[in-house]
Each structure stands twice: as structure tokens, then as C-alpha cells.
Amino acid sequence: MNKITREELTNWIERLIKENRLYSFYKSKEWRHLKEEVLKENNYECAMCRESGKVTKAETVHHVQHVKKYPWLALSKTYKYKGIEYKNLIPLCHDCHDKVHGRMKYKPKPKPITEERW
């Protein structure tokens with residue numbers, strides 16, 4: 001795998017975003033290789049399910065620092081914030097990935113009007 005510079009990665013992803021073709025990044029050999037590496041390192045287990053005591057197969061890898069906002073971190077397992085290193089790529093099952101992004105049935109439920117209405 002050829003090493004891509006931070007600047008090249010940023011330029012490439014920004015171009016893909018402008019062209020509405022970010023899916024090309026997710027089909028790239030660099031991303032597919034890194035995704036498999038992260039899944040393997042985490043025994044193909046969903047990190048969020050594991051935190052709640054369940055064991056669920058992870059099928060995807062989530063970017064904590066979203067690709068559209070932080071394109072230079074798209075191929076980084078970690079990122080630093082205020083001198084502390086955090087995980088950037090987290091293995092998730094499809095349900096947890098939907099929860100993280102607020103998709104489908106996981107949109108926040110409105111609060112009841114009164115205590116009696118649940």
C-alpha cells in the first residue's frame with residue numbers, strides 16, 4: 001500500500017465531497033485494509049455493545065472525527081486533542097452505527113408531555 005500524505009488525503013477527500021462521491025473513499029484499498037485491521041484488532045466485536053455487556057458482531061468502522069469535517073484523519077486510528085490521544089476508528093454493528101448517526105428508528109424520542117403519558 002502506498003503511503004498517502006496528509007495533504008494528498010485531505011485534497012482527495014475534499015474533491016470527493018465536492019463531487020458528491022465520498023463513497024469512493026470507502027471503496028478504496030487504503031480504507032478497506034484499515035477497516036479490516038481495526039475489526040480484527042477488536043475481535044470483530046461492536047465496541048458500544050461490548051460496553052453494555054453484550055457481544056455483537058461489528059460489521060463497520062465508525063469515524064469519531066467525521067471524514068467530512070476532518071478529512072486528514074480519515075485514515076488515522078487515533079487523534080490527539082489537548083495532548084490526549086483518543087480512538088478515531090471504532091468497530092460497530094449496524095444498529096449502533098445507526099444510533100451514533102441518529103438514523104432510522106434511533107432518532108431521539110420526544111419527551112412525554114406529562115409524567116402520565118409515556
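Biologist: Which residues of α5 are the buried ones?

Modeller: They are C96, H97 and D98. Bear in mind that we are looking at a predicted model.

Biologist: What makes a residue count as buried?

Modeller: Its relative accessible area has to be under 20%. C96, H97 and D98 of α5 are listed as buried, so each of them falls under that cut-off. Across the chain, 31% of the 118 residues count as buried.

Biologist: What do the buried residues of α5 pack against?

Modeller: Their partners are α4 (47-51), β1 (60-63) and β4. Just after α5 comes G102, with a positive phi of about 65°.

Biologist: How do you know how far to trust α5?

Modeller: Confidence is given by pLDDT, on a scale from 0 to 100. Helix α5 (residues 94-101) has the lowest confidence among the elements, at a mean of 91, while strand β4 (residues 89-92) has the highest, at 98. Local features need a pLDDT of at least 70, and 86% of the residues reach that score. The chain averages 89.

Biologist: Let's turn to Y81. Why is this residue called partly exposed?

Modeller: Y81 has 48% relative accessibility. Buried would need under 20% and exposed over 50%, and partly exposed is what lies in between. Because 48% sits between those cut-offs, Y81 counts as partly exposed.

Biologist: What makes Y81 part of a nonpolar surface patch?

Modeller: A patch residue needs over 30% relative accessible area and no salt bridge, and nonpolar side chains are joined within 5 Å. Tyr is on the list of nonpolar side chains, and the 48% of Y81 passes the area cut-off, so Y81 can take part. Together with I84 and Y86, Y81 makes a patch of about 310 Å².

Biologist: Where in the fold is Y81 found?

Modeller: Y81 belongs to strand β2 (residues 78-81).

Biologist: What lies between β2 and β3 in their hairpin?

Modeller: There are 2 residues between the strands, and K82 in the turn has a positive phi of about 50°.

Methods:
Residues numbered from 1 in each chain as written. Predicted model: local features only at pLDDT ≥ 70, side-chain atom pairs only at ≥ 80, totals over all residues. Heavy atoms only, no water. Buried < 20%, exposed > 50% of the residue type's maximum accessible area, 1.4 Å probe, protein only. pLDDT = per-residue confidence, 0-100. Helix = DSSP H or I, 4+ residues; strand = E, 2+ residues; numbered from the N terminus. Patch = residues over 30% accessible without salt bridge, like charges linked within 9 Å, V, L, I, M, F, W, Y side chains within 5 Å. Areas by Shrake-Rupley, 256 points an atom, 1.4 Å probe, with all protein chains shown as cover. Salt bridge = Lys/Arg side-chain N within 4 Å of Asp/Glu carboxyl O. Pairing = 2+ DSSP bridges. Contact = heavy atoms within 4.5 Å.
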